[in-house]
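This report describes a single protein chain, from selected residues to the overall fold. Please consult the sequence and model shown below while reading.

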Amino acid sequence: LDDLLERLGADITQGLDEQTITKKKKEHGRNKVHVSADGFNEFPHFKEVPAVASTLREGRQKEILAEELVPGDIVTVQAGQRVPADARILECSTDLRVEMET
């Protein structure tokens, strides 16, 4: 876990800082599924990505637009919520259940 957090420039208790977020936005762009001009969606199973995400940034929990997430953001998801981006689970309850759309 420590190696992953170091590679992503993240801190599990503080999240990302603004300087890192700005750099990652320039490098990776927005967290969006791209649809081509002819309507082709490379990931058609991503139908209902939530518009808002809860993330830890600079030591504070913040609600942000899901498309503003960057690699390394620490995201909090509650029971019944959809995951707002490709994510790794760092910590969870013992009764975690996942339903994947196909």
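## Val 52

Val 52 counts as partly exposed because its relative accessibility is 44%; buried means under 20% relative accessible area, exposed over 50%, and partly exposed in between, with a 1.4 Å probe and protein chains only. This is a predicted model, in which local features need pLDDT of at least 70 and side-chain atom pairs count only at pLDDT 80 or more, while totals for chains, interfaces and linings use all residues. Residues are numbered from 1 along each chain as its sequence is written, and side-chain values use heavy atoms, with hydrogens and water left out.

Val 52 belongs to strand β1; strands are DSSP runs of E with at least two residues, helices are runs of H or I with at least four, and both are numbered from the N terminus. Beyond its neighbours within four places in sequence, Val 52 is in contact (heavy atoms within 4.5 Å) with Glu 63, Ile 64, Leu 65 and Ala 66.

## Glu 58

The loop between β1 (52–57) and β2 (60–65) contains Glu 58. Glu 58 has a positive phi, near 50°, although it is not a glycine. Most residues other than glycine have a negative phi. With a relative accessibility of 39%, Glu 58 is classed as partly exposed.

## The chain as a whole

Two helices and three strands make up the secondary structure of the chain, in the order α-α-β-β-β along the sequence. The chain has 102 residues, of which 22% count as buried.
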